[in-house]
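Visitor: Please show me the entry, and then I will ask about it.

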Amino acid sequence: AVVCIGPVIQGATSHYDAVVNAATSGVMNAGVSTGVPIVFGVLTTGSLEQALDRAGGKIGNKGGEAAVTAIEMASLMHQLRTDGKAALQ
């Protein structure tokens, strides 16, 4: 499994939406084309403070949550492939 983490913090320009859309699309396409579980842990926030709150601050650790999800997905995919219920990659 792959974990994609990092912040996209909205600024004063219109680039925020383009960056968020490209990141989302790219991560989704990578997962679909490879069959590898990819967890989208990219924080999309309005400020640095919000990003820090979500990266181990007041709201928890979204990167850690994404890592746990990746481990669970990798384990599930292994089991499904072992059982012949998912394509081998």
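Visitor: What percentage of the 89 residues of the chain count as buried?

Guide: This is a predicted model, in which local features need pLDDT of at least 70 and side-chain atom pairs count only at pLDDT 80 or more, while totals for chains, interfaces and linings use all residues. Residues are numbered from 1 along each chain as its sequence is written, and side-chain values use heavy atoms, with hydrogens and water left out. Buried means under 20% relative accessible area, exposed over 50%, and partly exposed in between (1.4 Å probe, protein chains only). Of the 89 residues, the share that counts as buried is 18%.

Visitor: In what order do the elements of the chain run from the N terminus?

Guide: Helices (H or I, at least four residues) and strands (E, at least two) are DSSP runs, numbered from the N terminus. The chain has 3 helices and 4 strands. From the N terminus on, their order is β-α-β-α-β-β-α.

Visitor: Why is the chain described as more spread out than a compact globule?

Guide: The radius of gyration is taken over C-alpha atoms, and the globule rule is 2.2 Å times the number of residues to the power 0.38. For 89 residues that rule gives 12 Å, and the chain is more spread out than a compact globule because its radius of gyration is well over this, at 15 Å. Along its principal axes, the C-alpha trace spans about 50 × 30 × 10 Å.

Visitor: What share of the contacts with a separation of 6 or more comes from residues 24 or more positions apart?

Guide: Contact means heavy atoms within 4.5 Å. Among contacts in the chain with a separation of 6 or more, residues 24 or more positions apart account for 62%.

Visitor: Is Thr45 buried or exposed?

Guide: Thr45 is found in strand β2, which covers residues 38-45. Not counting residues up to four places away in sequence, Thr45 touches Val8, Ile9, Gln10, Tyr16, Gln50, Ala51 and Arg54. Because its relative accessibility is 2%, Thr45 counts as buried.

Visitor: Which residues is Tyr16 in contact with, leaving aside neighbours within four places in sequence?

Guide: Tyr16 is found in helix α1 (residues 15-34), and its relative accessible area of 15% makes it buried. Its C-alpha atom and that of Thr44, 28 residues apart along the chain, are separated by 8.8 Å. With those neighbours left aside, Tyr16 is in contact with Val8, Ile9, Gln10, Thr44 and Thr45.

Visitor: What is the relative accessible area of Val19?

Guide: Val19 lies in helix α1. The C-alpha atoms of Val19 and Ile9, 10 residues apart along the chain, are separated by 9.8 Å. Val19 is partly exposed, and its relative accessible area is 43%.

Visitor: Which residues does Met77 touch, not counting residues up to four places away in sequence?

Guide: Met77 is found in helix α3 (residues 62-82) and is buried, with a relative accessible area of 16%. The C-alpha atoms of Met77 and Gly35, 42 residues apart along the chain, are separated by 9.5 Å. The residues that Met77 touches are Gly35, Pro37 and Ala86.
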